[in-house]
Amino acid sequence: MQGFERGSIAAGRLIVPISTVVLLAGCIVGPDYRTPILPTPAHWNGQNPTKTALPAQLSKWWQRLRDPELNALVEEAVAGNLEVASARAKIREAHASYRQSAATLFPSADGSLSANRGTTAAITSGSGGDSSGAFRSGFDATWELDLFGANHRSVEAARYGLDAAEEELRSRLLTLIGDVAANYAQARGYQARIQLARRSVASQEQTVAITRTRAKAGLVTAADVAKAKAQASSTEAEVPTLEASYAETVHRLAVVTGRSPDALNDRLKRGAPIPAPHLPVPTGIPADILLARPDIRMAERQYAQYTARIGQAEAARYPSVNLTGNIDTSALELGDLGKNSTIGFSFGPKLSVPLFNAGKLQAAVDVAKAERDQHFIAYKASVLTALQDVENASVSLTQERIRNGKLSSSAKSARDAARQVRILYQSGAASLLDVLDAERSLDTAEDTLLQSRVSIAIDYIALNKALGGGWDGAIDSAKPEGVDAKTRPQPASKATQ
């Protein structure tokens with residue numbers, strides 16, 4: 001009992017110096033993160049600086065393509081895409097890492113209980129020996145005083161890492177929705193071009209029939225019939241190539257939605273128009289993309305994360321203090337473990353000071369600073385890339401719309417010309433070469449016009465992606481993808497089956 005009182009007095013004498021140490025625990029080394037301010041242009045190229053720019057309409061932008069099938073595919077892709085599932089798992093990992101880091105700010109404790117049984121042989125007496133037993137239990141606790149903020153910087157870095165993981169998910173969703181919309185527009189474009197090719201073949205077969213009739217009447221030669229048939233066959237030969245491109249696009253679209261390549265074949269077999277966006281697209285001002293683009297926000301959070309890691313590395317160069325304590329009790333009988341005479345304890349701080357490490361710790365700080373600089377450069381690069389993406393997509397969309405208007409006029413003129421030449425040919429006022437040339441021009445004009453419509457849809461998609469349009473609905477990141485079986489304790493023989 002007296003030993004217990006002496007231990008209490010000794011512990012009391014430690015309170016003052018330990019309290020002093022605790023007061024020092026508010027010192028945190030390393031740079032504090034501040035969000036950088038990067039310059040951006042005042043307006044987009046071609047934007048009237050005297051007019052107030054309308055903010056970009058990014059919420060569910062794909063619905064302005066006015067295609068219910070596309071809307072359904074987007075929702076299915078968000079739920080089933082494997083890259084999105086991987087990004088959700090990364091968020092769960094970042095959550096767990098954050099909890100691990102936060103746990104270092106609190107004390108840890110462990111308990112133990114042991115029992116020993118031994119026998120001492122009696123050599124001289126010839127007896128069987130003496131048996132003895134001992135029981136021991138203990139309780140150990142430790143707490144690292146975060147004197148210079150190493151653990152706080154670790155928690156800070158983990159929190160920024162969690163933010164970056166969430167932004168990565170949003171970035172994946174942005175890319176995913178753009179891919180779904182672009183592949184869908186291309187698939188509908190191939191369907192329209194296949195239908196056009198088949199219509200052209202039917203029209204050219206009519207020309208072949210007319211030419212045969214004229215040949216029987218002696219008005220044209222057999223060579224003219226062969227020429228007309230050759231052009232029809234050449235046009236028909238384009239259909240398999242277009243069919244293959246269509247199938248590849250549909251297979252790619254199915255995989256993007258997280259299904260087998262043939263999952264959408266029957267569903268998309270029935271044709272639909274090429275998606276036509278609602279234009280023009282408001283783009284806001286360049287500074288808006290700093291908040292709208294998830295890849296920019298992710299790069300900024302990673303820059304913040306590696307800034308905090310400098311403090312972690314810097315704190316390792318300073319002393320560290322751990323408060324440790326344990327209570328230990330031992331007895332020959334289990335019932336005696338709780339008696340005062342069997343209890344002992346110890347309590348006190350442990351100070352560790354780095355004295356010599358040949359510059360290893362300073363080198364670690366320099367490494368952390370270099371990594372921070374790399375992520376700062378990556379952040380700046382992501383901003384410049386985003387500005388370039390918007391400018392490129394905006395120019396492409398504007399110029400493609402102008403081109404589409406010219407192509408529409410060209411196709412209309414080609415249709416009129418082909419109709420007139422065919423009438424003249426039937427009456428003998430035009431040659432077969434005039435008919436074949438008019439048909440080739442018409443096919444080219446109408447096919448180019450269809451491709452231009454697809455390009456307008458894809459440019460519209462690219463512009464919304466560049467502006468930062470993505471999924472703004474709820475995403476459940478807490479649910480694991482894999483389902484573990486037999487998670488409860490079980491016999492080893494069953495666990496290995």
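Start at Trp-61, which is buried, with a relative accessible area of 0%; buried here means under 20% relative accessible area, exposed over 50%, and partly exposed in between (1.4 Å probe, protein chains only). Before going further, note that this is a predicted model, in which local features need pLDDT of at least 70 and side-chain atom pairs count only at pLDDT 80 or more, while totals for chains, interfaces and linings use all residues. Residues are numbered from 1 along each chain as its sequence is written, and side-chain values use heavy atoms, leaving out hydrogens and water.

The structure holds 7 aromatic pairs. Rings of Phe, Tyr and Trp (its six-membered ring) pair if their centres lie within 6.5 Å; planes under 30 degrees apart count as stacked, over 60 as edge-to-face and the rest as tilted. Trp-61 pairs edge-to-face with Tyr-460, at 6.0 Å centre to centre and 65° between the planes. Trp-61 sits in the loop between helix H2 (15-23) and H3, and Tyr-460 in helix H11, so this pair ties together parts 399 residues apart in sequence. Helices (H or I, at least four residues) and strands (E, at least two) are DSSP runs, numbered from the N terminus. Tyr-460 is buried too, at 1% relative accessibility.

Another pair, Trp-62 with Trp-471, is stacked: 6.0 Å centre to centre, with 10° between the planes. Trp-62 is in the loop between H2 and H3 and Trp-471 in the loop between H11 and helix H12 (492-495), so parts 409 residues apart in sequence are tied together.

What about the nonpolar interior? A nonpolar core is a set of buried Ala, Val, Leu, Ile, Met, Phe, Trp, Tyr and Cys residues joined through side-chain atoms within 4.5 Å. The largest one has 55 residues, of which Leu-176 and Val-180 touch the most other members. Its largest share, 13 residues, comes from H5. Leaving aside neighbours within four places in sequence, Val-180 is in contact (heavy atoms within 4.5 Å) with Leu-70, Leu-73, Val-74, Ala-77, Leu-253 and Val-256. Apart from this core lies another, of 18 residues, including Ile-210 and Leu-442.

Helix H5 also holds Arg-153. Is Arg-153 buried or exposed? Arg-153 counts as buried because its relative accessibility is 3%.
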